[in-house]
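This report goes through a set of computed features, from the overall make-up down to single residues. Please look at the sequence and structure first.

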Amino acid sequence: MSTTVDDTSRQGSGRATSGAGSGRPAAAAPKAQGPNHKARKPTDRPNILGGLAGWAWLAVIILPIYFIVITAFRSRQDLANSNPLVPSSEPTLQNFVKVLENDFMHFFFNSVIVTVAVVAAVLAVSLMASYYIVRSTTFGGRRLFSLILLGIAIPVQATIIPVYYLIRELGLYDTLWALILPQIAFAIPLSVLIIVNFVRDIPAELFESMRVDGAGEWKILLNLVLPMAIPAMMTVGIYQALQVWNGFLFPLILTQSREVRVLPLSLWEYQGQFAVDVPATLAAVVLSALPLLAAYIIGRRYIVAGLTAGFSK
Amino acid sequence: MTQTVTSPKSDARRRQGPSFLMALPAVLFFGLFALVPLAGVVVLSFMSWDGLGTPSFNGLDTWFRILQEDQTRNALWLTFLFVVISYVFQAPVALLLGVFMAGQQKYRAFLSVLYFLPLLFSSVAVGITFQTLFSPNYGLSPALGWDWLPAQWLGDPNIALLVVIFVVGWCFVPFHSLLYQAGVRQIPATIYEAATIDGAGRMRQFFSLTLPQLRYTIITSSTLMLVGSLTYFDLVFVLTQGGPAGATRILPLDMYITGFREYDMGGASAIAVILVAVGVTLSLLLNKISGSSRMESDKAGA
């Protein structure tokens with residue numbers, strides 16, 4: 001039985017598509033590093049070549065980030081007249097002021113609303129579905145699981161035109177609902193996959209004894225399934241939050257007006273609006289990365305685990 | 001979990017399973033916004049629709065037109081190049097980085113924290129960053145002033161695709177190297193100790209121990225990379241919008257431009273169907289390959 005489960009989850013992950021090369025974590029169990037955590041001891045001879053390559057890659061990673069940060073603190077004249085890779089001798093905050101004066105916080109809160117709504121709904125809906133899939137004794141549970149696993153293979157990009165049609169027909173075009181509803185749907189398959197693998201590990205006796213005590217299905221869901229699935233829910237929550245927060249395609253296609261603009265789309269629009277004022281655009285880019293940077297500093301372990309959970313099996 | 005149906009006890013349990021109401025919200029969302037659009041894209045590929053009015057039935061016309069267009073063939077070829085070159089670039093770098101990050105040295109732990117940074121940026125943020133960095137006016141080339149650096153990175157049709165592939169790699173290598181780091185840390189230390197005693201050097205250990213032990217991670221990561229880059233849209237769109245002169249117009253961009261810029265939603269849907277077909281075929285193929293290798297490895301392990 002357990003082998004079957006493993007296989008399913010692995011193949012499921014194999015079919016993961018959207019979210020690009022970023023991929024999606026599959027299966028459950030963000031296992032701790034395990035007993036072999038300290039496995040690889042540095043060998044006696046230091047790996048000089050490896051070390052050099054490591055620092056070289058750091059340069060590749062850091063250079064663009066360094067560049068946007070120093071440019072965001074420059075004035076336009078300064079950018080035109082000096083070497084772009086040397087920090088300005090007269091750093092300024094005017095670019096950040098300009099971005100904040102152009103509704104940045106409004107777009108930020110739109111992103112917060114959409115992300116929180118999607119994640120909350122996905123967690124609730126997926127937990128309920130996982131409970132049904134694991135404990136259902138009819139054929140439906142299994143069939144539903146295969147159907148949802150199939151959903152992981154659907155590339156979001158390829159369905160965007162019908163989604164656009166549907167959203168227009170529902171009269172939701174250019175509202176925050178247009179961003180929330182489809183993103184819940186596309187987050188369900190992977191979330192269910194991860195949560196199901198956790199709920200499966202709950203001993204059947206626990207369900208039965210709660211039944212005997214007269215608990216209804218809602219009580220079982222809240223008092224047994226939910227507490228046991230918390231680690232999986234955190235994984236799913238972090239992963240989906242990152243996806244929604246940084247998502248670009250849905251906002252690009254399903255919204256248009258300033259009122260409902262979210263952060264990634266706002267960067268795109270700032271670039272057009274500020275045009276030649278490159279430092280201001282880059283200030284917006286830097287500001288947009290700050291919330292996740294803060295989250296990363298506070299909860300690095302959780303964020304790394306949330307991104308890669310299940311693959312470390 | 002599946003009980004035998006014969007015993008009366010299982011009948012009792014059957015009645016105790018949660019009702020379908022539990023799954024209903026997920027089914028509704030998933031059905032309406034994922035399954036219906038999937039069917040819808042096939043239907044729309046036989047229609048003519050400008051994105052605003054009412055779609056009208058068009059038969060196979062759209063398909064004939066799209067399949068005959070050079071644009072589509074070009075997009076298919078570019079997509080192939082994009083997927084293959086991206087993989088050749090990302091996979092080795094991610095693997096080596098993952099092995100590097102799995103080391104216990106202090107400086108490697110420090111570097112790993114910084115390697116993660118690209119994952120904190122949205123694709124639009126990364127796109128704008130590199131657009132500026134590669135700008136002929138205030139970017140890398142004027143800053144360094146080296147003659148061999150191209151003045152036009154993203155504006156030169158001959159290298160634009162390669163530059164885009166590099167930027168996409170910058171974005172996604174960190175994620176895959178995390179997978180490999182976790183994979184390496186699962187390898188038992190004892191086999192390295194034994195190999196060291198046997199006199200196997202670092203290279204030998206990497207090729208004879210680390211690589212074979214990482215086979216599942218390699219399969220998982222490769223599948224995500226290949227299928228992911230096949231359908232990738234965001235960053236390429238922000239960087240070049242398919243240009244210059246169509247040099248980076250891979251299938252997903254071809255679909256977007258055809259639909260939302262040229263208002264040919266039928267044609268765009270046909271391209272989307274091609275995308276789904278290629279994607280599913282690729283996934284199934286990879287699953288088959290990984291499935292057979294898994295069986296072999298099971299035998300070897302037994």
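The model is predicted: local features need pLDDT of at least 70, side-chain atom pairs count only at pLDDT 80 or more, and totals for chains, interfaces and linings use all residues. Residues are numbered from 1 along each chain as its sequence is written, and chains are lettered from A and ligands numbered from 1 in the order in which they are written.

**Chain A overall**

Chain A has 15 helices and 0 strands (DSSP runs, H or I of at least four residues for helices and E of at least two for strands, numbered from the N terminus). Of its 313 residues, 52% are buried, meaning that 20 or more other C-beta atoms lie within 10 Å of the residue's own; exposed means 12 or fewer, and partly exposed lies in between, with C-beta atoms placed from the backbone. Among contacts in chain A between residues at least 6 apart in sequence, 77% link residues at least 24 apart; two residues are in contact if their C-beta atoms, placed from the backbone, lie within 7 Å.

**Domains of chain A**

Chain A is divided into domain 1 (46–92) and domain 2 (102–313), with bounds from an automatic or database domain assignment. Taken over C-alpha atoms, the centres of the two domains of chain A are 34 Å apart. Domain 1 of chain A puts 8 residues into the contact and domain 2 of chain A puts in 7 residues. On the domain 1 side, α2 (48–72) and α3 (76–81) of chain A each supply at least two residues, and α2(A) gives the most, with 4 residues.

**A helix pair in chain A**

Helix α8 (residues 176–199) of chain A packs against helix α11 (residues 230–246) of chain A at an angle of about 155 degrees, and their axes are 9 Å apart. Axes are lines fitted to C-alpha atoms, for helices over the stretch in contact, and angles run from 0 to 180 degrees between N-to-C directions. The angle makes α8(A) roughly antiparallel to α11(A), a term for angles over 145 degrees. Residues of α8(A) in the contact include A:Gln183, A:Ala187 and A:Phe198, and those of α11(A) include A:Pro231, A:Met233 and A:Val244. By class, the contact of α8(A) with α11(A) has 9 nonpolar, 4 polar and no charged residues. Ala, Val, Leu, Ile, Met, Phe, Trp, Tyr, Cys and Pro count as nonpolar, Asp, Glu, Lys and Arg as charged, and the others, Gly among them, as polar.

**Contact between the chains**

In the contact between the chains, 96 residues of chain B meet 95 residues of chain A. Helix α2 (residues 24–44) of chain B gives the most to the chain B side, with 13 residues. That side of chain B divides into 63 nonpolar, 27 polar and 6 charged residues.

**Backbone details**

Most residues other than glycine have a negative phi, and most peptide bonds are trans.

| Residue | Phi | Place |

A:Ala275 counts as exposed because it has 10 C-beta neighbours inside 10 Å, while B:Tyr263, with 14 C-beta neighbours inside 10 Å, counts as partly exposed. A cis peptide bond joins B:Gly243 to B:Pro244, with omega about -10 degrees. B:Pro244 sits in the loop between α12 (234–240) and α13 (251–261) of chain B.

Definitions and conventions
Angles under 35 degrees count as roughly parallel, over 145 as roughly antiparallel, 65 to 115 as roughly perpendicular and the rest as oblique.
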